[in-house]
Amino acid sequence: MYAVSDKYKAAMKQPVQRFRMTGKVGRASFTDDNILSGSFSITNQCSDDSSLQIGQVYIGELDVTLMNLKIPRYSWKDQEIAPVFGMRLADGSFEDVPLGVFTIDSAKHTASGVVIKAYDHMAKFDKNCSVTSINGTAYNLMLTACTACGLSLGTTSEAFAAMANGSDELSLYRESDIETWRDFVSWVAASIAANVYAGRDGKIYVKSYGQTVVDEIDTEHRFTGCEFSDFSTRYTGLSVVNIDAKSTSYYALDTDDGLTYNIGSDPFLQYGVEEKKDAQRRAILTALSKVDYVPFKAELIGNPAYDLMDVFRFTDGLADKDKLFCMTKYAFNYNKSFTMQGVGQDPALASAKSKTDKNLQGILSSNENQDYIRYFDYQNAADFDIADTAKAKIIDIRYVTVKDTHIDFHAEIKLTLDTTETEAEEIISDTDAVMVVTYYLNGEEVKDYVPVEMLPDGTHLLHLLFTWNSTANLTGNFEVWLSMAGGSCHIARGDARAYMAGQGLAGNGAWDGTVTVYDTLPGMNLFPVCRGVDTSVDFSLFSPGTYGYSDIVPSMSLTSVLQPIAGTIGPVKFLHRFDTEHLDAVTYNTDEIEVKDGVWKLKDGVTIAELVTKDCEVEQVLNAASNCDSNNVNFLASFDHGGTWWEYANGWITPDTKKESYGMFAPAMKEITKEQWAVKLTGSIQLKTIIHEKGTLTDIQIFTKEVEE
């Protein structure tokens, strides 16, 4: 965690926080006024999305859209951008936290501003490395790499000495697969059980896993929807490939009941007598034995003071306060949220193999095995019934690669199809059903290749083929989804058969405790919103002069477009909407709040004000939402005509009105369920909005009674 003051720590625990963003692009300074709302984000990680790792050298990414900066066109690329986050303290001053130094990779000029994508200094290691023979301590090796790439090393030699093998002389194996300096840095870090990242000052830092807790986070300071796994990731074994002998050595703790870390063919662990190599490898295992973290995902108020590999305790709610949680990935969205994640695998699912071959799971046993083509079969273990207009996953294969490779996927699916009968003017007819196949690769939909089949009633064989290239050391996932229109289909158990083939495939990845749940929403009837369309156009000749042109488009009916897709018409939710077009529906002090550009905002010099909706008579509330452009807006609800105001936080409570600010953020209000609204609802509802400095509000929406049309 970045070294912040106690005042900063107190401010970051407040329910309402005020921020600012400043920084520089080259020599040009920017502030919040130059940032397009919602466009600023920073992401970084030190492990992949499935397992906790060492020797990782990920590049941090910054995305932002900047406006009105006096920077000449064609001079943005390769400029450095250094953003600084400011937290407003209780005394009104701001404490700044640097967010890093990034180099602009691309800048696109749009109507909204200059869209920037930039990367931190880890990207500067992507240079060819010509070193084939070198030896020295990890500190000297890292210093060599940084010097070659024009970077500064922030970690001290004393900090290196405290790490595993930090004081040992490491020698590079001549026949290594190192191509870039980032490869070089990665193997050095793996040899001392650490990871590498670019710091907030632009320097390069090396860090190992620990157990020192930097912060304790309870339910009041994290949003709903957090995920905590039901296991703790632990390592009790280590496997290392011996390049010369084309064999693998396995090392274990006295009680070997956890995961095995496959460090592979680390070129810095190949030289020396067996006793020396064994001592170095066991030192890595000892460092890994400190890992005892519960995988998690949590979303907090947008505060970027935390660093990668920080260790936390989560208390209350679903969390176990006695366990440790290590952040291996984060996504900071300015004025929105800070999403942190810790990954890991379940030791209970580790293969129960002997110590001589346990390490072979997930890695090659020799270099020659990388050239073999491996085949992995798939066969469905349950029936699939896909209804008309429905979509279902029929194939799901997880795989691991140990080298860059080309992968082929083939499938043959036997299915029985039943088309949907349609009636028109007393004539019953069957039409061919449309079957759409959608591929998902590592969670991303493949949009450039979508097979479509039109089939009549009966039994059919569906043949599928898909190929792609995959990078090395990847735990991947390939899915096949089938959607129907105009008919339904049945796939019996064992009738969906497929295989995946490629060089460098190592096997199926172990289950990491993630359970994916899918939900299907019913079709929506837009008839009450959109009416008929008049496509006629009137025109005439005008005398020369300056004229404006406008066209009024009436409400339109999309029924004919949506009905074939949506099928039956589902329930309609009535809506109470309070926006700037209906000012008589809200009450506020015009000396404090003004309507400008279609939003409510505070007037200059005003720091806080309230806006209250009219009293609505309702039978039930399904949901409440608003379109807020910042986090500086809170909400309260009243069910007794404004007599008492409530917020929801694990139950309806009356907030402390002595505080300067109170109430719910927009995301928290939106998460309140129909049943939770019903607890307090007595037939009427009002919403109060508390707008803080720089807060804006577009509208407030209350979704009420469901009615079948």
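Because the model is predicted, local features are given only where pLDDT is at least 70 and side-chain atom pairs only at pLDDT 80 or more, whereas totals for chains, interfaces and linings use all residues. Residues are numbered from 1 along each chain as its sequence is written, and side-chain values rest on heavy atoms, with hydrogens and water left out.

**Salt bridges**

A salt bridge is counted where a side-chain nitrogen of Lys or Arg lies within 4 Å of a carboxyl oxygen of Asp or Glu, and by this rule the model holds 20 salt bridges.

| Pair | N to O distance |
|---|---|
| Glu61 and Lys117 | 2.8 Å |
| Lys277 and Glu274 | 3.2 Å |
| Asp699 and Arg577 | 2.7 Å |

In what follows, helices (H or I, at least four residues) and strands (E, at least two residues) are DSSP runs numbered from the N terminus. Accessibility is described as buried (under 20% relative accessible area), exposed (over 50%) or partly exposed (in between), using a 1.4 Å probe and protein chains only.

Glu61 and Lys117 form a salt bridge with their closest N and O atoms 2.8 Å apart. This pair links distant parts of the chain, since Glu61 belongs to strand E4 (residues 61–66) and Lys117 to strand E8 (residues 113–120), 56 residues apart. Glu61 is partly exposed at 22% relative accessible area, and Lys117 is also partly exposed, at 26%.

The salt bridge between Asp699 and Arg577 likewise links distant parts of the chain, with Asp699 in strand E49 (residues 696–707) and Arg577 in strand E38 (residues 572–579), 122 residues apart. Asp699 is buried, with a relative accessible area of 0%, while Arg577 is partly exposed at 43%.

Lys277 and Glu274, by contrast, lie three residues apart in helix H5 (residues 274–288), and are therefore separated by about one helical turn. Lys277 is buried at 10% relative accessible area, whereas Glu274 is partly exposed at 47%.

Salt bridges also link Arg18, Arg88 and Glu693 in a network.

**A sheet of three strands**

Strands E13, E20 and E21 make up, in that order, an open sheet with mixed pairing, where two strands count as paired if DSSP finds at least two bridges between them. Strand E13 (213–217) and strand E21 (325–326) stand at the edges with a single partner strand each, so one side of each has no neighbour in the sheet. E13 runs parallel to strand E20 (residues 311–314), and four bridges join them; Ile217 stands opposite Phe314 in E20.
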